[in-house]
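Here's a friendly walk through one protein model, written for someone seeing it for the first time. Keep the picture open while you read.

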Amino acid sequence: MYKWWHERVVYQIYPRSFKDSNGDGIGDIQGIISELDKLKALGIGIIWLSPVYCSPNADNGYDISDYYNIHPDYGSMDDMDALLEKAKTLDIKIVMDLVINHTSDEHEWFEKSRQRVEPYTDYYIWQDQANNWTSFFAEDAWTYDEVRQQYYLHLFAKKQPDLNYHNPLVLEEIKKLMIFWLEKGVSGFRCDVINVIYKTSLEDGKKKLILTGSEHYLSQEGNHEILQNLRETVLNNYDCFTVGETVFVTPEIGKELCEGDPVEMDMIFSFEHMETDQYFVKYFKRNFSLKRFARAISKWQTSMFWNANYLENHDQRRAVSRFGDEAYGFESAKMLGLMLLALRGTPYIYQGQEIGMTNFDYEQLEELDDIESHNVDAFLKKYHIPSRFRWSMLQRTSRDNCRTPMQWNRQLHGGFTSGQPWLKVNDNYQTINLESQLNDTDSVWHFYKKMIAFRQNSPILLYGDYEEDQVTKNLYVFKRTYKHRTLYILLNFSKKKIKTNYKGQVKLSTLNRTTFDGKLDAFEAIILG
Ligand code: ISL
Ligand code: CA
C-alpha cells in the first residue's frame with residue numbers, strides 16, 4: 001500500500017534562484033548539480049524541479065514554448081542528463097513540473113493555431129467574442145489576436161493561452177511529452193493547476209470578486225476523465241507518482257482525485273491552510289490566526305488518506321515571516337519545520353526554508369519581477385488605490401517574497417552568483433546563510449536534518465493516524481498513533497511562554513531538551529512519546 005513517494009521527503013528547487021554556476025546572475029542546472037550532495041546530506045529523497053523548459057519567461061517558466069528542450073539560461077539537455085545521472089547515484093528521484101493548462105504564446109502550436117494551420121487550428125480556445133471571465137492574474141481572461149482575428153482564452157497571463165482539451169490531438173501531444181520525460185528517467189510530475197484544464201462550457205460566469213467563470217472549469221467531470229486517461233495510458237506504465245496543484249478544492253474533490261479508481265493523482269496540494277490569513281485586513285497588518293490555520297490542517301489530515309504537506313513554495317510568502325516571527329527567526333523556523341515533518345503525508349520543503357529564509361526586504365515595485373505583482377498593482381491603480389496601500393499589499397502578497405535567491409554564504413549576493421543576480425538577494429544573507437548553518441550544529445539546517453532522520457526512522461510519523469489534541473490562541477498540539485503507540489507534537493506559535501499539562505519522554509526538541517516540565521519557550525516545539 002505504501003510506496004517510495006510516501007516515505008521520502010521532497011525538496012522543491014526554483015532553478016532561477018537556486019545557484020548560478022556561470023556568473024550570468026541566473027540559477028542553472030550545473031548549479032543544482034554542484035549542491036546535490038548537500039541535499040543528500042540533509043536527507044532529501046525527491047527533488048521537484050520548477051520548470052526548466054524553453055520559455056520566454058513571462059511567468060518564469062510557467063509559460064512553456066518547447067516541452068522537449070531546456071532553456072539556455074539553465075543549460076542544455078546534456079546538463080539535464082547529467083543531473084538525472086548524478087541524482088540517481090545519490091538515490092534522489094527527480095520530479096518535473098508539468099504545465100499543461102496552457103503553453104506560451106510563443107509555442108509553435110500557438111503560432112500555427114493563430115494562423116489556422118492544421119492540425120493546430122483548434123489546439124487552443126478561440127471565439128469571435130470574449131465572455132466575462134476574469135483571469136487568475138487580475139485581468140480579463142480573453143485577448144484579441146490580430147492574426148487570427150479572434151479572441152483566445154488565458155486563465156493566467158496574456159502570454160499563456162489555454163490549451164483546448166476538447167480536441168483529442170492535444171491530449172495525444174501531452175501524453176507524448178510525458179512519455180519523453182519518463183523515458184529519460186524522471187520519477188513523476190508536479191501537475192500545475194491540474195483541476196482547471198477542462199472547460200465544460202464557455203458561457204458567461206456568475207459575476208464574482210475573483211475568477212468570474214470558474215464554475216465552468218473548476219474540477220469538472222471532463223477533467224476527471226482526462227486525468228484517468230493519463231493514468232491508464234501513461235503513468236501506470238512507469239514507477240512514478242504525481243502531485244497535483246489543485247485550486248479551490250474541498251476534501252471531497254480531493255478524494256475524487258486521489259482515492260478513486262483509477263487514482264487520478266497520487267496526492268494533491270490543497271490551499272486551505274494557506275488561505276487562513278487571506279483576509280482583506282491582512283494587507284495592512286499581521287493577521288495570522290492559529291485556530292483557523294490548525295482547523296484547516298486538521299480537516300485535511302483527517303479526511304484524506306494522504307496529503308502533500310507544505311508551508312512554502314514559489315508562489316507563497318516565507319513561512320517564518322508569515323506563521324512565525326522574524327524576530328524569532330531561527331526558533332520559529334525550527335518549530336514550523338518540526339510541524340511540517342510530523343504531519344501525516346509527504347513533506348515538501350521549499351529551497352531556503354531549511355535555513356529559515358524570510359520574505360524580501362524590497363522597498364518599491366520596481367524591485368519586483370513577478371508578473372502577478374505588476375498586474376495586481378496596475379489593477380489597484382485603476383481603482384485609484386494610493387501607492388502606499390498598493391505597496392503595502394504587494395509586500396504582503398507578492399510571490400517574489402520567496403523567489404529571492406538562495407543564501408549560500410556571507411559573500412557578495414549571498415554566494416548565489418558572481419555576477420548581478422536577476423532578483424536582489426535579501427540583505428539578511430549575512431546572518432541567514434547555509435554555510436554558517438553547516439558550521440553550527442544548533443542551526444535550523446541541522447535541525448531539519450535531525451528531524452528528517454527522526455521521521456525516516458519513525459513508523460509512527462510515517463504511517464500513523466493524525467488526531468488534533470488541543471488548539472488555543474498560541475498552542476497547537478496533535479498526536480500521531482500507529483499500532484497503539486502515540487507521539488504528541490506540541491507547537492508554540494507565539495513568543496509567550498506556555499504552560500501545558502503534557503508530560504512524557506522527550507523524543508525531539510527544538511531546544512535540545514532531554515526532559516520536559518510542561519513549559520514551552522517562545523516558538524518552541526517538542527515531540528513527546
Ligand atoms: O500564486 C497564486 C496567487 O498568488 C495562485 O493564484 C497561483 O497562480 C495558482 O496557484 C497557480 O499556480 C501555478 O500556475 C501558475 C504559475 O504562475 C504558478 O507559479 C504556478 O505555481 C500558472 O502556470
Ligand atoms: Ca547561470
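Strand 7 (residues 142–145) and strand 8 (residues 150–153) run antiparallel and are joined by four bridges. Strands here are DSSP runs of E with at least two residues, helices are DSSP runs of H or I with at least four residues, and both are numbered from the N terminus. Two strands are said to pair if DSSP finds at least two bridges between them. Across from Asp145 you'll find Gln150 in strand 8.

## Before going further

This is a predicted model, where local features need pLDDT of at least 70 and side-chain atom pairs count only at pLDDT 80 or more, while totals for chains, interfaces and linings use all residues. Residues are numbered from 1 along each chain as its sequence is written, chains are lettered from A and ligands numbered from 1 in the order in which they are written, and side-chain values use heavy atoms, with hydrogens and water left out.

Now look for an open sheet of eight strands, paired in parallel, with the order 11-10-9-5-2-1-13-12. Strand 11 (267–269) and strand 12 (308–310) stand at the edges with a single partner strand each, so one side of each has no neighbour in the sheet. On average, neighbouring strands of this sheet are turned by 25° against each other, direction ignored. Axes are lines fitted to C-alpha atoms, for helices over the stretch in contact, and angles run from 0 to 180 degrees between N-to-C directions.

Within this sheet, strand 2 (residues 46–49) and strand 5 (residues 93–98) run parallel, with four bridges joining them. Ile46 has Lys93 in strand 5 as its bridge partner. Helix 3 (residues 77–89) lies across strand 2 and strand 5, and runs at about 140° to strand 5.

## Calcium and ligand 1

Which residues donate to the calcium ion (ligand 2)? They are Asp20 (OD), Asn22 (OD1), Asp24 (OD), Ile26 (O) and Asp28 (OD), at 2.2 to 2.4 Å. Donors are N, O and S atoms within 2.8 Å of the metal (3.2 Å for Na, K and Ca); water is not among the atoms, so sites may look incomplete. Along the chain these donors follow the spacing D-x1-N-x1-D-x1-I-x1-D. Ile26 and Asp28 are both buried; buried means under 20% relative accessible area, exposed over 50%, and partly exposed in between (1.4 Å probe, protein chains only).

Ligand 1 has 18 residues around it, of which Asp59, Asp192, Glu245, Asp315 and Glu372 come nearest. A residue counts as near a molecule or strand if one of its heavy atoms lies within 4 Å of it. Asp59 has a side-chain N or O atom 2.5 Å from an oxygen atom of ligand 1. For Asp315, a polar side-chain atom lies 2.5 Å from an oxygen atom of the ligand, and for Arg190 the value is 3.0 Å.

Thr103 sits in the loop between strand 5 and helix 4 (108–114), and is buried at a relative accessible area of 0%. Its side chain makes a polar contact with the side chain of Tyr124 (2.7 Å). A polar contact is a pair of N or O atoms within 3.5 Å; within protein, one must be able to donate a hydrogen and the other to accept it, and residues adjacent in sequence count only if both atoms are side-chain atoms. Beyond its neighbours within four places in sequence, Thr103 is in contact with residues including Ile64, Trp109 and Pro161, where contact means heavy atoms within 4.5 Å.

Asn492, in strand 16 (residues 485–492), is also buried, with a relative accessible area of 0%. The Asn492 side chain reaches the backbone oxygen of Lys496 at 2.8 Å. Asp427, by contrast, is exposed at 53% and lies in the loop between helix 12 (387–397) and helix 13 (434–438).

Most residues other than glycine have a negative phi, and most peptide bonds are trans. Arg116 has a positive phi near 55°, and so does Ala138. A cis peptide bond joins Glu118 and Pro119, with omega about 5°. Another cis bond joins Asp261 and Pro262, with omega about 0°.
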